Amino acid sequence: MKKDFIAIADYSADELKGMLDLAIDLKKEYFEKGNQPIFKGKVLAMVFNKPSLRTRISFDMAMRHLGGDALFISPDEIGLGKRESIADVARVLSGYVSAIMARVFAHEHVTELAKWASIPVINGLSDYNHPCQAMADVLTIYEEFGHMDGLNVSYVGDGNNVALSLMHACAKLGMNFTIGCPEGYDLDDASMNAGREMAAKTGVSINVTRDPVEAVKDMDVVYTDTWTSMGQEAETEKRKKVFPPFQLNTELLKNAKPTAIVMHCLPAHRGYEITDEVADGPQSRLFPQAHNRLHAQKAILVEMLK
């Protein structure tokens, strides 16, 4: 039976930990002697509705490092769900390539691809969630602290797709999660309830606050993301007036633990959700985190294609 990687919630804690351990092994192997060409003859189709730096290059290089290849497919080439149906695209690609990675706006586009494809489908980002980013995030946290049990993770800013996947990953893997966001910019109730159900099984907490200082107080990890995601450009000016209290700057970061690390999925809008002093400061892990997209996604690919 084929596997898909659509959401963190689809996998058990043990399965996620297994992929993290595999990512660490593949990363070590890569830097010591290069990865084995286990994907020789395999091709990943990369379907893009949204532009990308990290997603495109990390998946492309992951396939190359493992002996395979990747095929970039731009929005104009398919017109997913417009030029031809998603079901037809999925079935055509299933006869050409070994797996599909899709970076889309509408989450139902990636779930529809998975429904009709006979090969693995990986969610490279949707408006609902960003599971590949979350895997890179928890890999970075695991490497930093040597464990995840009982760590306190804070996310300040917009309750978006990145926040959702991070919350579910924390809940599954035994980390307390707090989101600090303005009223009206929360994660949806269904996602929060699902997160709390996951957290109850691992004995951790999911918290929401409107106070950015409270959100980061005594935290091990402080995470932020853009105030305006792709597709929300019409709300930019409104959001610029709402979110400044949640800017991750030196003063706010002082409330976290002195050993706290700072994370951001990038691209960063410096001077808005994060300042240069924090993004480039000693507590920043922005670029190791970005680099870990490569290693986490190698593990996901291996798991899907084995």
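These legends walk through close-up views of a predicted model, one region at a time.

**View 1. Two domains share one protein chain.**
Let's start with the overall layout. Domain 1 takes in residues 8–130 + 293–305, and domain 2 covers 131–289. Where the domains meet, 32 residues of domain 1 are in contact with 27 residues of domain 2.

**View 2. A sheet of four parallel strands.**
Follow the strands across this open sheet and you will meet them in the order β2-β1-β3-β4, with parallel pairing. At the edges are β2 (69–73) and β4 (121–125), each of which pairs on one side only. On average, and with direction ignored, neighbouring strands here are turned by 20° against each other. Helix α2 packs on this sheet and touches β1 (43–48), β2, β3 and β4. The direction of α2 makes about 175° with that of β1.

**View 3. A closer look at β3 beside β4.**
Here we zoom in on one pair of strands. Strand β3 spans residues 99–103 and pairs with β4 in the parallel sense, over four bridges. To find your way, look for Ile100, whose bridge partner in β4 is Val121. As a reminder, strands of a sheet pair through backbone hydrogen bonds, either parallel or antiparallel.

**View 4. A sheet of five parallel strands.**
This open sheet has the strand order β7-β6-β5-β8-β9, and its pairing is parallel. Its edge strands, β7 (206–209) and β9 (261–264), each pair on one side only. Neighbouring strands of this sheet are turned by 20° against each other on average, direction ignored. Helix α6, made of residues 131–145, lies across β5 (152–156), β8 and β9. Relative to β9, helix α6 runs at about 165°.

**View 5. A closer look at β8 beside β9.**
Strand β8 (residues 221–224) and β9 run parallel and are joined by four bridges. Val221 is a handy landmark, with Ile261 as its bridge partner in β9. In the loop between α9 (212–216) and β8 you will find Asp218. Asp218 is worth a glance for its backbone: its phi is near 60°, a positive value in a residue other than glycine.

**View 6. The cis peptide bond between Leu266 and Pro267.**
The bond that joins Leu266 and Pro267 is cis, with omega about 5°. Pro267 belongs to the loop between β9 and α12 (276–279). Keep both residues in mind for the next view, where they turn up again.

**View 7. The largest pocket.**
This pocket has a volume of about 390 Å³. Its lining is made up of 23 residues, and those closest to its centre are Arg103, Leu125, Met230, Leu266 and Pro267. Which helices each supply at least two residues of the lining? They are α2 (54–65) and α7 (161–173). Sorted by class, the lining of the largest pocket has eight nonpolar, 10 polar and five charged residues. Both domains take part, with at least three lining residues drawn from each of domain 1 and domain 2.

**View 8. The second largest pocket.**
The volume of this pocket is about 280 Å³. How many residues line the second largest pocket, and which lie nearest its centre? There are 16 in the lining, and Asp127, Gly159, Asn160, Asn161 and Gln232 lie nearest the centre. By class, the lining of the second largest pocket has five nonpolar, five polar and six charged residues. Domain 1 and domain 2 each give at least three residues to the lining of this second largest pocket.

Definitions and conventions
Residues are numbered from 1 along each chain as its sequence is written. This is a predicted model: local features need pLDDT of at least 70, side-chain atom pairs count only at pLDDT 80 or more; totals for chains, interfaces and linings use all residues. Side-chain values use heavy atoms; hydrogens and water are left out. On a 1 Å grid over the protein atoms alone, a cavity is a set of points where a 1.4 Å probe fits but cannot get out, and a pocket is an open set with protein on both sides within 12 Å along at least five of seven lines; lining residues have an atom within 4 Å of a point. Grid points are joined across faces, edges and corners, and a volume is the space filled by probe spheres set on the points. Ala, Val, Leu, Ile, Met, Phe, Trp, Tyr, Cys and Pro count as nonpolar, Asp, Glu, Lys and Arg as charged, and the others, Gly among them, as polar. Domain bounds come from an automatic or database domain assignment. Two strands pair if DSSP finds at least two bridges between them. Axes are lines fitted to C-alpha atoms, for helices over the stretch in contact, and angles run from 0 to 180 degrees between N-to-C directions. Contact means heavy atoms within 4.5 Å.
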